[in-house]
Amino acid sequence: MMGVTEPRTTQDGLMDDKDVLRDIDGLITEEHALRAKATNPGLSDDERARLRELEVRLDQCWDLLRQRRARAEFGLDPDAAEPRPADQVEHYRN
C-alpha cells in the first residue's frame, strides 16, 4: 500500500502555487480512479485506507494553497506558508 504523498519541493526547498496545484491534480486523479473502482468490483481494505489518505492529503494541499494565496493578498511572503498537520486540517470548524 502506498503512503500519503509527501509534499514535493522545488530546488530551493519551496513549493509555489503551481506545484501545489500539480500535486492536487495528481491526488484527484488517483482519488477518482479509486472511487470509480469502489462501485465495481469494490475496494480492498488497503484501497479504502489509501482513499482516506488521499482525502486528508487533498485537504492539506487545499489548505496550503489558501494560506499561500492569503499571504500574497496581504503582502506577506507566500513561501512562509507551511502544510498544517492532518489533525489540524481535518478538524476545522465551518
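This report describes the helices, the nonpolar core and the salt bridges of a predicted model.

Residues are numbered from 1 along each chain as its sequence is written, and side-chain values use heavy atoms, with hydrogens and water left out. Because the model is predicted, local features need pLDDT of at least 70 and side-chain atom pairs count only at pLDDT 80 or more, while totals for chains, interfaces and linings use all residues.

**Overall composition**

The protein has three helices and zero strands; helices (H or I, at least four residues) and strands (E, at least two) are DSSP runs, numbered from the N terminus. Read from the N terminus, the order of elements is α-α-α. Of the 94 residues, 28% count as buried, where buried means under 20% relative accessible area, exposed over 50%, and partly exposed in between (1.4 Å probe, protein chains only). The accessible surface is about 6400 Å², and carbon and sulfur atoms hold 51% of that surface. Accessible areas come from the Shrake-Rupley method with a 1.4 Å probe, and for residues only the protein chains shown count as cover. Among contacts with a separation of 6 or more, 58% join residues 24 or more positions apart; contact means heavy atoms within 4.5 Å.

**Helix 1 and its cover**

Helix 1 spans residues 17-39, which makes 23 residues. From first C-alpha to last the helix reaches 33 Å, close to the expected 33 Å at 1.5 Å a residue; the expected span is 1.5 Å times one less than the number of residues.

The buried residues of helix 1 are Asp 19, Val 20, Asp 23, Ile 24, Leu 27, Glu 31 and Leu 34. Helix 2 (45-73) is included in what covers them.

**The nonpolar core**

A nonpolar core is a set of buried Ala, Val, Leu, Ile, Met, Phe, Trp, Tyr and Cys residues joined through side-chain atoms within 4.5 Å. The largest one has 13 residues, of which Val 20, Ile 24, Leu 27, Leu 34 and Cys 61 touch the most other members. Helix 1 and helix 2 are the elements that give two or more residues to this core, and helix 2 provides the largest share, six residues. In soluble globular proteins, nonpolar side chains tend to be buried together.

Beyond four places in sequence, Val 20 touches Met 15, Cys 61, Leu 64, Leu 65 and Arg 68. Arg 68 lies in helix 2 and is buried, with a relative accessible area of 6%. With neighbours within four places left aside, the contacts of Arg 68 are Met 15, Asp 16, Asp 17, Val 20, Pro 78, Asp 79 and Ala 81.

Arg 69, also in helix 2, is partly exposed at 45% relative accessibility. Not counting residues up to four places away, Arg 69 touches Asp 17 and Leu 21. Arg 69 and Asp 17 are 52 residues apart in sequence, and their C-alpha atoms are 8.2 Å apart.

**Salt bridges**

The whole structure contains 13 salt bridges, a salt bridge being a side-chain nitrogen of Lys or Arg within 4 Å of a carboxyl oxygen of Asp or Glu. The table gives three of them.

| Pair | N to O distance |
|---|---|
| Asp 45 and Arg 48 | 2.3 Å |
| Arg 52 and Glu 90 | 3.0 Å |
| Asp 63 and Arg 84 | 3.0 Å |

Asp 45 and Arg 48 are three residues apart in helix 2, and so separated by about one helical turn. Asp 45 is exposed at 57% relative accessibility, whereas Arg 48 is partly exposed at 45%.

For the salt bridge between Arg 52 and Glu 90, Arg 52 lies in helix 2 and Glu 90 in helix 3 (residues 86-90), so the pair ties together parts 38 residues apart in sequence. Arg 52 is partly exposed at 42% relative accessibility, and Glu 90 is partly exposed at 24%. Both residues belong to a network of salt bridges that links Glu 31, Arg 35, Arg 52, Glu 55 and Glu 90.

In the salt bridge of Asp 63 with Arg 84, Asp 63 lies in helix 2 and Arg 84 in the loop between helix 2 and helix 3, so this pair ties together parts 21 residues apart in sequence. Asp 63 is buried, with a relative accessible area of 4%, whereas Arg 84 is partly exposed at 27%.
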